[in-house]
Amino acid sequence: MALRTYKSVAPNIGERCYIDDSSVLVGDVTLGDDSSIWPLVAARGDVNKIQIGERTNVQDGSVLHVTRRTTQFPEGFPLIIGDDVTVGHKCMLHGCQLGNRILVGMGAIIMDGAVVEDDVFIGAGTLVPPNKRLESGYLYVGNPMQKKRPLKDSESAFLKQSAINYVMLKDEYIEDSL
Ligand SMILES: CC(C)(COP(=O)(O)OP(=O)(O)OC[C@H]1O[C@@H](n2cnc3c(N)ncnc32)[C@H](O)[C@@H]1OP(=O)(O)O)[C@@H](O)C(=O)NCCC(=O)NCCS
């Protein structure tokens with residue numbers, strides 16, 4: 001069972017989403033239309049909320065979690081992910097905010113309070129430390145991350161194309177399961 005209620009809050013799933021049976025979504029998790037969750041993803045919206053936009057894909061083995069509200073941080077650190085975002089295999093997204101048309105490379109780690117603006121490419125294995133801001137239109141790589149260079153036109157175009165590819169792929173999976 002991929003969807004679990006926690007403290008009477010159940011995941012809220014949009015239209016035409018694909019959620020692999022082996023993934024687990026717990027509690028306050030919102031998934032926008034045409035988004036997809038691939039095998040072995042864990043998204044735990046227990047001590048704060050997880051909000052995922054439309055046409056976004058979260059690939060195999062990724063872990064999504066949040067940080068609770070405290071007197072020091074009254075909002076805590078929810079996890080907000082925008083539209084047309086690709087989250088590659090085995091990423092760790094924790095209490096951060098991602099805009100639209102972003103590619104998070106395989107194995108990347110993004111920590112609490114980090115903000116990724118629209119149209120950013122994050123290389124495989126990148127570590128984004130807490131509270132960093134990643135500027136729109138750039139490639140970031142490394143541990144800790146470094147701003148490597150402006151995106152090439154082909155890379156900017158791929159951000160959107162990757163999301164389109166995954167919408168088509170999840171449609172095939174839905175079709176295959178009927
Ligand atoms: C970063 C990336 C976009 C390539 O960028 P690029 O500028 O074309 O890099 P190049 O392949 O020309 O390599 C340039 C240098 O960066 C290094 N490099 C490449 N990818 C890197 C990464 N993720 N982190 C750190 N260094 C990296 C290369 O080793 C090379 O180093 P060198 O000059 O010392 O030999 C690509 O390697 C990457 O990480 N893509 C993410 C793919 C992914 O995870 N997709 C999601 C799953 S579907």
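**Close-up views of a predicted model**

View 1. S8 counts as exposed, with 6 C-beta neighbours inside 10 Å (exposed means 12 or fewer other C-beta atoms within 10 Å, buried means 20 or more, partly exposed is in between, and C-beta atoms are placed from the backbone). This is a predicted model, where local features need pLDDT of at least 70 and side-chain atom pairs count only at pLDDT 80 or more, while totals for chains, interfaces and linings use all residues. Residues are numbered from 1 along each chain as its sequence is written. You'll find S8 in the loop between β1 (3–4) and β2 (12–13) (strands are DSSP runs of E, at least two residues, and helices are runs of H or I, at least four, numbered from the N terminus). S8 has a positive phi of about 65° although it is not a glycine. Most residues other than glycine have a negative phi, and most peptide bonds are trans.

**View 2. R16, with a positive phi as well.** R16 isn't a glycine either, yet its phi is about 55°. The residue lies in the loop between β2 and β3, and with 15 C-beta neighbours inside 10 Å it counts as partly exposed.

**View 3. The cis peptide bond at P144.** N143 and P144 are joined by a cis peptide bond, with omega about -5°. P144 sits in the loop between β19 (138–141) and β20 (146–150).

**View 4. Helix α1 and its kink.** The 25 residues of α1 (residues 153–177) should span 36 Å at 1.5 Å a residue, and the end C-alpha atoms are 37 Å apart, which agrees (the expected span is 1.5 Å times one less than the number of residues). A kink of about 30° is centred on L159 (the bend is the angle between axes fitted to the seven residues ending there and the seven starting there). L159, A163, Y166, V167 and K170 are the buried residues of the helix.

**View 5. D20, in the loop between β3 and β4 (24–31).** D20 is partly exposed, with 17 other C-beta atoms within 10 Å. Leaving aside neighbours within four places in sequence, D20 is in contact with I37, W38 and P39 (contact means C-beta atoms, placed from the backbone, within 7 Å). K170 is 150 residues away along the chain, but the C-alpha atoms of D20 and K170 are separated by 9.8 Å.

How values were computed: Contact = placed C-beta atoms within 7 Å.
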